[in-house]
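Student: I would like to go through this model term by term. Please set each label against its cut-off.

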Amino acid sequence: MIYSMTGFGKSQKEAQDLQIRVEVKTLNSKFTDIFCRLPKFISAREIEIRNFLTQQLERGKIELSVQIQKNHDGAEASILPQGQIALYYAELKRVASELGVSSLDEGALYLQALNVPVSISQETKEENEEEIEALWQVIYEAIQEAVAECKEFRAREGKIVEDKFREYIASIASGLQQVSEQDLVRMPGIRERMKKSLLELGLNEDFDKNRFEQEVVYYIEKFDISEEKVRLNTHLGYFIDILAEGNGKKLNFMAQEIGREINTIGSKANDSQIQRLVVNMKDELEKIKEQTANVL
């Protein structure tokens with residue numbers, strides 16, 4: 001089974017009053033090209049995310065977007081320990097009163113409370129780290145779900161492309177069959193044209209028959225396409241076999257080999273009917289080449 005490099009997947013989860021939305025989009029590319037849009041607090045996880053995407057999606061241009069929003073309409077929750085700040089403010093105000101400070105600037109006291117070095121305790125930091133770790137696990141699950149959906153999308157697209165490949169190969173095989181049928185009448189026609197040309201030059205039927213047959217054999221060898229027909233038929237069969245492997249690079253290589261044999265048949269045949277068949281086969285081959293560029 002083959003997989004397309006075009007894919008899309010998304011996932012949505014909720015955690016800690018947050019809405020998490022993940023989207024994965026992939027396009028065709030010869031190499032693995034990953035672009036991540038992540039919230040700043042999980043930027044340290046980018047290497048881990050990239051390794052996961054490379055392992056699961058293998059190749060292509062991969063874009064990952066992680067968006068996090070508050071569930072409610074309120075403002076962003078404060079990251080400051082408001083309770084501790086209130087205690088510091090009250091304590092500073094009490095000390096100033098005991099020291100007999102006459103002109104008390106409450107605004108200055110509030111700013112001082114904010115600047116107390118221990119405003120955010122070690123315990124609070126540990127709690128925040130635990131919350132971030134728990135949130136990361138939910139985000140990672142969402143990424144896994146989005147990637148799984150993207151792979152399913154790729155598989156569906158790959159099935160459509162595979163059916164098209166079989167259709168194009170069958171069309172080329174049909175053209176090859178018609179070339180073989182035309183080839184049966186082409187060679188006798190070449191012999192008759194050569195004989196007619198000799199007679200038109202004024203030679204009678206008494207010309208050297210042995211020499212004439214030698215020349216016919218020479219031109220038959222020059223225009224013979226038997227080997228090309230056999231190789232082309234083999235390549236077409238091998239192309240179908242590769243579809244089961246799902247290897248886009250091999251398919252692209254075999255498309256080039258098929259094109260080489262079709263071109264050689266066209267150049268050697270020296271027959272207008274075969275030339276028309278070759279043009280049709282090349283048209284089908286171009287469709288194959290366009291699709292192989294998007295196969296994983």
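Student: What makes one face of E2 covered and the other uncovered?

Tutor: The covered face of E2 holds Leu18, Ile20, Val22, Val24 and Thr26. The uncovered one holds Gln19, Arg21, Glu23, Lys25 and Leu27. In a regular strand, side chains alternate between the two faces of the sheet. Strands here are DSSP runs of type E with at least two residues, helices are runs of H or I with at least four, and both are numbered from the N terminus. The model is predicted: local features need pLDDT of at least 70, side-chain atom pairs count only at pLDDT 80 or more, and totals for chains, interfaces and linings use all residues. Residues are numbered from 1 along each chain as its sequence is written, and side-chain values use heavy atoms, with hydrogens and water left out.

Student: How do you know that E1 and E2 pair?

Tutor: Pairing requires at least two DSSP bridges between two strands. Nine bridges join E1 (residues 7-15) to E2 (residues 18-27), and the strands run antiparallel. Lysine 13 has isoleucine 20 in E2 as its bridge partner. Glycine 7 is bridged to threonine 26 in E2.

Student: What lies between the two strands of that hairpin?

Tutor: Two residues separate E1 and E2. Glutamine 16, in the turn, has a positive phi of about 55 degrees.

Student: Which sense does the pairing of E2 and E4 take, parallel or antiparallel?

Tutor: Antiparallel, over 10 bridges. In one of them, glutamate 23 has serine 65 in E4 as its partner.

Student: Why is serine 65 called buried?

Tutor: Buried means under 20% relative accessible area, exposed over 50%, and partly exposed in between (1.4 Å probe, protein chains only). Serine 65 has 10%, so the residue is buried. It lies in E4 (residues 60-70). Contact means heavy atoms within 4.5 Å. Leaving out residues up to four places away in sequence, serine 65 touches Arg21, Val22, Glu23 and Arg37.

Student: Why is arginine 45 called partly exposed?

Tutor: Its relative accessibility is 25%, so arginine 45 counts as partly exposed. The residue sits in the loop between E3 (32-37) and H1 (46-57). Beyond four places in sequence, arginine 45 contacts Glu133 and Trp136. Arginine 45 and tryptophan 136 are 91 residues apart in sequence, yet 8.9 Å apart C-alpha to C-alpha.

Student: And why does tyrosine 3 count as partly exposed?

Tutor: Tyrosine 3 has 34% relative accessibility, therefore it counts as partly exposed. Tyrosine 3 is in the segment before E1. Its contacts, apart from residues up to four places away, include Lys151, Arg154 and Asn294.

Student: What makes a site a pocket?

Tutor: On a 1 Å grid over the protein atoms alone, a pocket is an open set of points with protein on both sides within 12 Å along at least five of seven lines; lining residues have an atom within 4 Å of a point. The lining of the second largest pocket includes Met5, Arg59 and Lys249. H7 (248-269) and H8 (272-292) each supply at least two lining residues. H7 gives the largest share, three residues.

Methods. On a 1 Å grid over the protein atoms alone, a cavity is a set of points where a 1.4 Å probe fits but cannot get out, and a pocket is an open set with protein on both sides within 12 Å along at least five of seven lines; lining residues have an atom within 4 Å of a point.
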